[in-house]
Amino acid sequence: MTRDTGHTKERLLAAATEEFAAHGIAGARVDRIAANAGVNKERIYGYFGNKQKLFDAVVGRALDEVAEAVPLHAGDDPADYVGRVYDFHRDNPVLVRLLLWEGLHYRNEVLPGEDSRRGHYEDKVAALAVSMGLPRALGEEASAEVAPVLLTLIGLAVWPHAVPQMARLILGGAAPEVDLREYVVEFARRAVAGVRAGV
């Protein structure tokens, strides 16, 4: 019975991921999710409570996947990290869509699991500070310079996949001649070196 419940939940989450990525929380339809999962829509309410909680579960699962696939450890090369983030989002565009829909839905409201998510990024900031060779006293927080650097590095890697039409419009016919991944990684490398030099 538990195994069947697990499979049913997994099918619902997979169907909901596609539905929410395509239509957002407002446009997604519980009937379509249930039909695509091959289950009665009452299962959605039984397992998740409501459509918004299902959306939150989908986003949470997607964030867990990217955290596992693209970790940032102390000592990692920040430019290499940017390349890995770029690759992940190029190959998995659904997460970017989900995050854009989440931003539109919640706007400035507190996100579900926000403290946990913030803690995850605080760990990345601390790892990046070490990777950048920024000295810290024991127990001291990472330099105030590092958090904006992390946000910028992630933005460099993700933005071309979040708005591919801009990449197409800006690069135009040059796109085949420009290795955008290589450019983004090298830009990140130089930017990090500049921050190091200025600290």
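**Pockets, helices and their terms**

Reply: The residues lining the largest pocket divide into 23 nonpolar, six polar and seven charged. Nonpolar here covers Ala, Val, Leu, Ile, Met, Phe, Trp, Tyr, Cys and Pro; charged covers Asp, Glu, Lys and Arg; the others, Gly among them, are polar. This is a predicted model, in which local features need pLDDT of at least 70 and side-chain atom pairs count only at pLDDT 80 or more, while totals for chains, interfaces and linings use all residues. Residues are numbered from 1 along each chain as its sequence is written, and side-chain values use heavy atoms, with hydrogens and water left out.

Me: What makes a space a pocket, and how much space lies in the largest pocket?

Reply: On a 1 Å grid over the protein atoms alone, a pocket is an open set of points with protein on both sides within 12 Å along at least five of seven lines, whereas a cavity is a set where a 1.4 Å probe fits but cannot get out. The volume, the space filled by probe spheres set on points joined across faces, edges and corners, is about 1,100 Å³ for the largest pocket. Its lining (residues with an atom within 4 Å of a point) has 36 residues, and Leu63, Leu99, Arg117, Tyr121 and Ile154 are the closest to the centre.

Me: Which helices each supply at least two residues of that lining?

Reply: They are helix 4 (51-69), helix 5 (78-91), helix 6 (93-106), helix 7 (114-131) and helix 8 (146-162). Helices are DSSP runs of H or I with at least four residues, strands are runs of E with at least two, and numbering starts at the N terminus. The chain has ten helices and zero strands.

Me: Why is helix 5 called roughly perpendicular to helix 6?

Reply: The axes, lines fitted to C-alpha atoms over the stretch in contact, come within 4 Å and cross at roughly 85 degrees. Roughly perpendicular means 65 to 115 degrees, so helix 5 is roughly perpendicular to helix 6. The contact (heavy atoms within 4.5 Å) is made by Phe88, His89, Arg90 and Asp91 of helix 5 and Pro93, Leu95 and Val96 of helix 6.

Me: What is the make-up of the lining of the second largest pocket by class?

Reply: Eleven of its residues are nonpolar, one is polar and none is charged. Gly155, Trp159 and Tyr183 are among them, and about 240 Å³ of space lies in this pocket.

How values were computed: Axes are lines fitted to C-alpha atoms, for helices over the stretch in contact, and angles run from 0 to 180 degrees between N-to-C directions. Angles under 35 degrees count as roughly parallel, over 145 as roughly antiparallel, 65 to 115 as roughly perpendicular and the rest as oblique.
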